[in-house]
Amino acid sequence: SEKPVSGGVYHEGVVGSFTTANPLYATGAVDTAVSKLVFAGLFTYDANNKLAPDLATGYELNDTGKIYTVHLKKNIFWHDGQPITADDVVFTIQTIQNTEAHSVLQSSMRGVDVAKVDNQTVTFTLQSALGSFPTSLTVGLLPKHILKDVPAASLRNYPFNTLNPIGSGPFMWQRLTLAKTGDTSGHSATISLTRFSA
């Protein structure tokens, strides 16, 4: 019987413009598709569209319904080989909350206090109980070791977003190629990714 095998090349065409792979700014169909492939979050959605662990093993909710404790998986890495830790989680959430970063996700993290417990544990303290909060943790994490010195106000247009984004998703960035087209659209963009196996 026929069945899929590893390897090969997959091509997908999407109508729209590519502007960023950074999950804090990805909104259009093209940007969102690329961002989800390159960047992984604490949680994701499974084939049945239910919340499932990604970089996290799961979470615990305290009796008040306001404090979520999230545990990271062991031996998880960025595409450049650096380990992913709780510092990256805190950095990502605090960057989203920073008004100077102008993230489209800012409202989803308003009033949330994020704190590192240890290298693999993070707590999120909410002002009031919100059962849907874990869905906000599907946002792709950003690498603190690469972006920590970038001013929040400069992050939206930083070259990292389009030239060499380093994530932890299932695919690694290879290159972006722009070419002129013969029709009225003016140009096309080809984004090349390769499988990431950590």
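Val150 is found in the loop between α3 (144–147) and β7 (171–180). By those labels I mean DSSP runs, helices being H or I with at least four residues and strands being E with at least two, numbered from the N terminus.

A quick word on where this comes from. This is a predicted model, in which local features need pLDDT of at least 70 and side-chain atom pairs count only at pLDDT 80 or more, while totals for chains, interfaces and linings use all residues. Residues are numbered from 1 along each chain as its sequence is written, and side-chain values use heavy atoms, with hydrogens and water left out.

Back to Val150. Its relative accessible area is 14%, so Val150 is buried. Buried means under 20% relative accessible area, exposed means over 50%, and partly exposed is in between, with a 1.4 Å probe and protein chains only. Setting aside neighbours within four places in sequence, Val150 is in contact with Leu155 and Tyr158, where contact means heavy atoms within 4.5 Å.

Now the overall layout. There are three helices and eight strands in the protein. Reading from the N terminus, the order is α-β-β-β-β-α-β-β-α-β-β. The C-alpha trace spans about 60 × 50 × 30 Å along its principal axes. For 198 residues, a compact globule would have a radius of gyration near 16 Å, and the protein's 18 Å agrees with that. That radius is taken over C-alpha atoms, and the globule rule is 2.2 Å times the number of residues to the power 0.38.

Of the 198 residues, 38% count as buried. Among contacts with a separation of 6 or more, 55% come from residues 24 or more positions apart. The protein exposes about 11500 Å², with carbon and sulfur atoms supplying 50% of it; these areas come from the Shrake-Rupley method with a 1.4 Å probe, and for residues only the protein chains shown count as cover.

Let's go inside. Nonpolar side chains tend to be buried together in soluble globular proteins. Here, the largest nonpolar core has 44 residues, and Leu42, Val89, Phe124, Phe133, Leu137 and Leu142 touch the most other members. Two or more residues each come from α1 (29–38), β4 (67–72), α2 (86–97) and β6 (121–125). The element that gives the most is α2, with six residues. Such a core is a set of buried Ala, Val, Leu, Ile, Met, Phe, Trp, Tyr and Cys residues joined through side-chain atoms within 4.5 Å.

Apart from neighbours within four places in sequence, Leu137 is in contact with Gly41, Leu42, Phe43, Val70, Met109 and Phe124. Let's follow one of those partners, Val70. Val70 lies in strand β4, and at 2% relative accessibility it counts as buried. Its contacts, again leaving aside neighbours within four places, include Leu42, Phe43, Tyr59, Val122, Phe124 and Leu137. Val70 and Leu42 are 28 residues apart in sequence, and their C-alpha atoms are 8.3 Å apart in space.

Not counting residues up to four places away, Asp87 touches Lys116, Asn119 and Lys144. Asp87 and Pro143 are 56 residues apart in sequence and 9.0 Å apart in space, C-alpha to C-alpha.

The C-alpha atoms of Ser188 and Val15 are separated by 9.7 Å, though the two are 173 residues apart along the chain.

Last stop: backbone angles. Most residues other than glycine have a negative phi. Asn49 sits in the loop between β1 (43–45) and β2 (51–53) and is exposed, with a relative accessible area of 58%. His102 also has a positive phi, near 55°. You'll find His102 in the loop between α2 and β5 (113–118), and at 53% relative accessibility His102 counts as exposed.

Thanks, everyone!
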